[in-house]
Every structure is written in structure tokens, then in C-alpha cells.
Amino acid sequence: MSMDRDLTDFLWLRVTEDHETAQRPTDAPWAKPTWALRRDDDDDAYVDLGTQHLDRESSLNEDELTHIARHDPTRAFAEVELLKWLLAEHELRADGDGGYVCAVDGEDCGTLRRMAALYADHEEYRQEWRP
Ligand SMILES: [Zn+2]
């Protein structure tokens, strides 16, 4: 058994998309990548997006607002860096037999499979990649 280069290609594309998706809301010069959960004078929670606030007027409850603030672009950029580091660590190398093996784990890399599972809902995700 060897590893599939399509798996790492798939991962690089998804990580690049994650980076672009996190970058777009921060492209405006006035925007910022860190979104904080704050409270107004009535003690109602809102997410401070920089120039705009996401609050209960948007029909989101406090748990949803908290989740959005925790998964802001700053966190997404950090996760992208982690995934890129893992991809580099678990780079596939030719096995000399026409296939590929992970530089760390050899013929079957659970790290790459688990990383790909983050994107299991993507149309190009393959069931044979499941950990
Ligand atoms: Zn590996």
C-alpha cells in the first residue's frame, strides 16, 4: 500500500482556500482579522468585526456569536499555518516502486488522512481517504 498524491494535492487546495476565505473579510483597510466577543451597555453579547458589529439583531444567539468570535480570521490563519507545517512534515516521497510514502509514517499516514477528514464534506473528498 502506498499513499495517494491526490490526497496531498487535495489538502493543499483546501488549505489555500481556507487562507483565501479568511483573507477576504480582512482585505478592506479598515477591517481587522481579530473578532472579539464583547458586551454592550445592556449586557447583550455582540461580535466586534472591526467596523461592524454582529449582534442579536442578526438572529444569532450568544452561543453562535461566541463560536464566530472564536473562529475569526486570526484563528483561521493560525490553523492554515499549522496545516501547512503538517503537510510539509508529512511530505510524500517516491517509494521507488511507482508509489509514494509519507516521510514520517511510511506507507499509511494517519495524520494526512485525519487532516483530509476536516474536509470530508467537500465534493472532491474520497471515501478511501477516511482514517
Ligand atoms: Zn505522515
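User: What makes Ser59 count as exposed?

Analyst: The model is predicted, so the label is computed from its coordinates. Ser59 has 7 C-beta neighbours inside 10 Å. The cut-off for exposed is 12 or fewer. Therefore Ser59 counts as exposed.

User: Where is Ser59 found, and what is its phi?

Analyst: Ser59 is in the loop between β3 (53–54) and α2 (62–70). Its phi is positive, about 70 degrees, although Ser59 is not a glycine.

User: Why is Asp43 called exposed?

Analyst: Asp43 has 6 C-beta neighbours inside 10 Å. Exposed means 12 or fewer, so Asp43 counts as exposed. Asp43 lies in the loop between β1 (36–39) and β2 (45–48). Asp43 is not a glycine, yet its phi is positive, about 65 degrees.

User: What is the order of elements in the protein?

Analyst: From the N terminus, the order is α-β-β-β-α-α-β-β-α. That comes to 4 helices and 5 strands.

User: How do you know whether the protein is spread out or compact?

Analyst: The radius of gyration is 19 Å. The globule rule gives 14 Å for 131 residues. The value is well over the rule, so the protein is more spread out than a compact globule. The C-alpha trace spans about 65 × 30 × 25 Å along its principal axes.

User: What share of the residues is buried?

Analyst: Of the 131 residues, 18% count as buried. The label needs 20 or more other C-beta atoms within 10 Å.

Technical notes
Residues are numbered from 1 along each chain as its sequence is written. This is a predicted model: local features need pLDDT of at least 70, side-chain atom pairs count only at pLDDT 80 or more; totals for chains, interfaces and linings use all residues. Helices (H or I, at least four residues) and strands (E, at least two) are DSSP runs, numbered from the N terminus. The radius of gyration is taken over C-alpha atoms; the globule rule is 2.2 Å times the number of residues to the power 0.38.
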